[in-house]
Amino acid sequence: MLYPKLNAYRELVGLDGIYRFAPNREDRASGDCWPDGLPVNALELAVPGSWNEQLRDLHEFHGEGWYERDFYVPASWGERCVFLRIGSTAGNARVWVDGCLLGEHIGPHLPFEFELKGGLKSPGAHRLTIAVDNTLRWMSLPPGQARRDEDRAGFGLGCPDVPYDFFPYGGIHRSVQLYAVNRDHISDLSVRTSLDAGSGHIEIAGKIRTRETGLRMRVEAGAYGVESSVEGGTVEAKLTIPSVRPWCPADPHLYKCVCTLVDESGTVADEYVLQIGVRTVEVRGNELLLNGEPIFLHGFGKHEDFPILGKAWAPAVAIRDYDLMRWIGANSFRTSHYPYAEEMLDMADRLGFLVIDETPFVSLSERVYTDACREQACAVIRELIERDRNHPSVILWSLANEPYIESDAGERFFREMAACAREADPSRPVMYVAHESPQQNRGAECFDLIGVNKYFGWYHETGDIDGSLHKLTDILTAFHLQVNGPVLLAEFGADAVAGLHSDPPVLFSEEYQADTICKQYQHVRNLPWLIGTHVWNFADFKTAQTINRVGGNKKGVFTRDRQPKLAAHTLRQLWNDTDAKPTR
Ligand code: GCU
């Protein structure tokens, strides 16, 4: 799915801003709610934004929220195709214009769009209504509730009672946009690149919407260009760039590729510019290779989380996060535990960060290993890959975080997800992030590599960092032997309350967190099949209220408002110290 862009042939209207809002607290059916207009006493909310931290009364609202605003279709769009695109909503969404249902999108964190037709795109004023259902459900993907209603004993539940360690924000979390293209236009482009003896090869497969014949697509990257015929709504273009500058963290060079759709008369019908990084990524033996060279990932598991904004995309926060990751010496991050905003990946392309792109499948267990859920999971994997496959920064697909895979059904579920990802994108390795031990990860060997989360000194061998170092090596080795390939230490660390200091270091102090990270990193860094260490987490983040979360998860090396703890300075030294500089 292409990201909307403004140019000489494409028009774009942003629909971010203040919306009218009403929570459906009576669990009404949609017909009884407000597709024909919100109540006069509607609230106001910002989009993009989560609702939970904007208004006090919505902090623990985990149901269906109704958004509404007016918008205008310009008179000049009369003969054009007009689309409404929403970057993501948390939870499922239904969209109306002027009370007419455009459609529904199932699942959070990924974009969707609907075409406006007939009277809905007539010039003038229209009403947009978006119902976002963030109800926590037992069988949703990911599961929304830790326990079934009938099993809820009450004691020890979180508020809300979710099976994962981050807050289930609700809202419209990325931009809402209206865009117009000509009747004949480029509807999708898929890029693959390869390297060969100093030359770069770019292959572009395009989907073209047209009722005409004789169209052609021209692809130009600087002095290099090619023109191909559109056949049956598809087009293939292949380009070779001699003496290519391969994309890599040290030189994230992007080639501006102008794709121009031309009709039989030579008139330009559409244009779309791709910023293409020519690079390859592969697993070979126990190594992760970028452009044929071994790489080592220094970085973090992150969250999309910031005060008041909740999970909403905010450019200023992204600028700050990349600046801090550069400062600390990180070269990568994982989009834990769900797909992040497209704009975050555009920045990684430009800045040269390596991204592990993760699905929303966190904490999967036996309950969801059904045929129906597997089909839904594969649909989400295809949606994610169709959105992100053109980003050179995306080097790995991570299909899940901390699943329990102990049954035939679970093993089949994961084998089929891996096959689905490889079919959708044969160009990138596929992994997932495991916890516990190999016994709870049946079928892991069908992945190209594996991530492992381990918290020795914290959840295990609490307080005993030094005494448990060998156990960290042992469990990583066990997973390496299971997959017979590379391992990423995907999460390790400790909670630290900023400003809490102790000598000797004790749990929750900044010193204890720094010690944990430093000693465990130094202990495993030179394992020959380890391809990286990602500290958990980049920053403190909001979680459900539970008795072991003091205002959220404090494993960040930065605070939630992005101020450094002692561990940030320790990591900066480790990752920037020439002695520790990775030789691969
Ligand atoms: C798990 C999980 C994280 C969680 C972390 C923790 O490994 O993947 O989502 O936040 O542990 O408990 O801090």
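A contact means heavy atoms within 4.5 Å.

View 1. Residues 24 or more positions apart make up 72% of the contacts in the protein chain with a separation of 6 or more. The model is predicted: local features need pLDDT of at least 70, side-chain atom pairs count only at pLDDT 80 or more, and totals for chains, interfaces and linings use all residues. Residues are numbered from 1 along each chain as its sequence is written, and side-chain values use heavy atoms, with hydrogens and water left out. The protein chain holds 7 helices and 31 strands (DSSP runs numbered from the N terminus; helices are H or I, at least four residues, and strands are E, at least two). Its radius of gyration is 24 Å, close to the 25 Å that the globule rule gives for 584 residues, so the chain is as compact as a globular protein of that length. That radius is taken over C-alpha atoms, and the rule is 2.2 Å times the number of residues to the power 0.38. Of the 584 residues, 58% count as buried (under 20% relative accessible area; exposed is over 50%, partly exposed in between; 1.4 Å probe, protein chains only).

**View 2. The aromatic pair F83 and Y179.** Rings of Phe, Tyr and Trp (its six-membered ring) pair if their centres lie within 6.5 Å; planes under 30 degrees apart count as stacked, over 60 as edge-to-face and the rest as tilted. By this rule there are 29 aromatic pairs. In one of them, the ring centres of F83 and Y179 are 5.2 Å apart and the planes stand at 20°, so the pair is stacked. The pair links distant parts of the chain, 96 residues apart: F83 sits in strand 6 (residues 81–86) and Y179 in strand 13 (residues 176–181). Both F83 and Y179 are buried.

**View 3. The aromatic pair F538 and F558.** This pair is tilted, with 5.1 Å centre to centre and 40° between the planes. F538 and F558 both lie in the loop between strand 31 (530–536) and helix 7 (566–576), so the pair ties together parts that are 20 residues apart in sequence. Both residues, F538 and F558, are buried.

**View 4. An aromatic cluster.** Y164, F166, Y322, F333, Y338, Y340 and F353 form one cluster.

View 5. P74 is placed in the loop between strand 5 (64–73) and strand 6. P74 is partly exposed, at a relative accessible area of 27%.
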